[in-house]
Amino acid sequence: MKKISKICCIGAGYVGGPTMSVIALKCPEIQVTVVDLNEKRIAQWNDDNLDNLPIYEPGLKEIVAETRGKNLFFSSDVDKGIDEAEMIFISVNTPTKTYGKGKGQAADLKNIELCARNIAKVAKEDKIVVEKSTLPVRTAETLKSILDNTGKGVKFEILSNPEFLAEGTAIDDLLNADRVLIGGDETPSGQAAKDSLSWVYEHWLPKERILQTNVWSSELSKLVANAFLAQRVSSINSISALCEKTDANVAEVARAIGFDSRIGSKFLNSSVGFGGSCFQKDILNLVYIAKSFGLQEVAEYWEQVIIMNDYQKRRFAENIVSTLYNTVSGKKIVFYGWAFKKDTNDTRESAAIYVADALLEEKAQIVVYDPKVSEETIYADLDYLGTRDPKENRELLQVTKAPIEATKDAHAIAILTEWDEFKTYDWKKIYANMLKPAFVFDGRRLLDKDAMASIGFKFYKIGES
Ligand code: NAI
């Protein structure tokens, strides 16, 4: 088993950045270089002011402060990074295809293939290539086929090492991972490569938590893990709709079933719907793979998780319209939160985008406050949907940095992200600011119903009648 001294990671995003920072922190003898074609992103990673890092994660900037310039480097010289490294992580984005065969479902592997071709072009010595991105089953085969045809006699071992971190808790998840999964060939050289990668993680994780499998099981396990997690959210969200029609309370139901050790209590919070770059994309990918093997029932089973999630977002928006006397045209509605969850600035597939889009169709006047998301990102998210002219998006929706002042003369507030600070606001003052009746739609079950009602709010909380 070879001890690795130089690692390169292609892709300085939400996975590449935090993952490599933690490896650099825990393995001081390894030189870690994170490369990306996006020069602006690299410049942000190298910014002297650590508040300007491109990604916000609790604990990240402290680790970058400790390691950057010592054994952690960020560079846009992709070729040099590849050339120098013994082990190369591929951590580029693999979004859902927006064109051609598999459009709307399959993963777009364009970036992955570009990486493989780049590695094939540059490599002069044997290398271990690690799939860190989430990939469809059997992608390693594609990588192998490109890499084995360089004609330079260079040998590549391909490993699958999917990342299970969750945004918002990435650093803690990496430092205390439940498990690390390493898939690779069951040949002597494949085993040696797996052991080399295991050795990296053993710097801070007990060996029992590092699972080795064949490469296909590893690739598939990542998709299945995300599908199971998302399924729990959709399951409890489906029950939240039923609770609102009865006198049941979704939190009480979740607690009651969660005490059953076979079910467990985690990931049973009802909300306006899951978001993030991964759940939807990975389930669609699973659905596509099942269909491509002719497994129609399997595909339909998992597709339902996404259908339920879309329903939950739509239901939340429709409830706002119907509660506000069936029209929101010209009414000021303040959004608290835009990120897909708290403690991240990531907005990909955030429920807020879709709820806003539905309300803008009804000509609502929306004002958005999010502590970590920029105005530029919010408009980009809306424009990307293409529902209306970008000019109209800017006329109908404003972004503010003053959450309390923004509620002046508002008809309603909608809570779309569970940022802790919303709980500490002076809600009496907010109530005084608003038009009456003053409505709050709590899409994250963040606030106490009785306390809000006693201030005078008309308070709607997902999953309660
Ligand atoms: P991201 O979009 O934040 O970062 C990807 C980076 O790769 C971008 O900065 C892009 O410029 C760069 N890139 C793309 N093609 C390149 C190329 N050919 N050469 C050099 N750089 C290139 O994506 P993120 O969120 O880090 O996701 C990466 C992968 O990890 C995806 O497959 C995702 O499914 C998976 N993943 C993501 C998680 C998350 O919470 N974001 C969690 C677990 C897995």
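Close-up 1. Helices here are DSSP runs of type H or I with at least four residues, strands are E runs with at least two, and both are numbered from the N terminus. If we skip neighbours within four places in sequence, Val-287 is in contact with Gln-105, Ala-299, Trp-302 and Glu-303, where contact means heavy atoms within 4.5 Å. Thr-134 is 153 residues away along the chain, and its C-alpha sits 15 Å from that of Val-287. Keep in mind that this is a predicted model, where local features need pLDDT of at least 70, side-chain atom pairs count only at pLDDT 80 or more, and totals for chains, interfaces and linings use all residues. Residues are numbered from 1 along each chain as its sequence is written, and side-chain values use heavy atoms, with hydrogens and water left out.

**Close-up 2. Ile-90 in strand E4.** Strand E4 covers residues 87-90, and Ile-90 is part of it. Ile-90 is buried too, with a relative accessible area of 2%. Leaving aside neighbours within four places in sequence, its contacts include Ile-10, Ile-112, Cys-115, Val-129 and Leu-143. Lys-391 is another story: 301 residues separate it from Ile-90 in sequence, and 38 Å in space, C-alpha to C-alpha.

**Close-up 3. Helices H5 and H6 side by side.** Two packed helices are described by the angle between their axes and the distance between the axes. For H5 (residues 110-122) and H6 (residues 139-147), the axes come within 9 Å and cross at roughly 30°. Axes are lines fitted to C-alpha atoms, for helices over the stretch in contact, with angles from 0 to 180 degrees between N-to-C directions. That makes H5 roughly parallel to H6 (angles under 35 degrees; over 145 is roughly antiparallel, 65 to 115 roughly perpendicular, and the rest oblique). H5 brings residues such as Ile-112, Ala-116 and Ile-119 to the contact, while H6 brings Thr-139, Leu-143, Ile-146 and Leu-147. Sorted by class, the contact residues are 7 nonpolar, 1 polar and 2 charged. Ala, Val, Leu, Ile, Met, Phe, Trp, Tyr, Cys and Pro count as nonpolar, Asp, Glu, Lys and Arg as charged, and the others, Gly among them, as polar.

**Close-up 4. Helices H12 and H13.** The axes of H12 (residues 296-323) and H13 come within 9 Å and cross at roughly 40°. That makes H12 oblique to H13. Among the residues in this contact are Phe-316 and Ile-320 of H12, along with Val-355 and Leu-359 of H13. The class count for H12 with H13 is 9 nonpolar, no polar and 1 charged.

**Close-up 5. The largest nonpolar core.** This core has 56 residues, and Phe-316, Phe-335, Tyr-336, Trp-338, Leu-397 and Trp-427 touch the most other members. A nonpolar core is a set of buried Ala, Val, Leu, Ile, Met, Phe, Trp, Tyr and Cys residues joined through side-chain atoms within 4.5 Å. Helix H13 (residues 351-361) gives the most to this core, with 7 residues. Not counting residues up to four places away in sequence, Phe-335 touches Ala-352, Val-355 and Tyr-369, among others.

Methods. Buried < 20%, exposed > 50% of the residue type's maximum accessible area, 1.4 Å probe, protein only.
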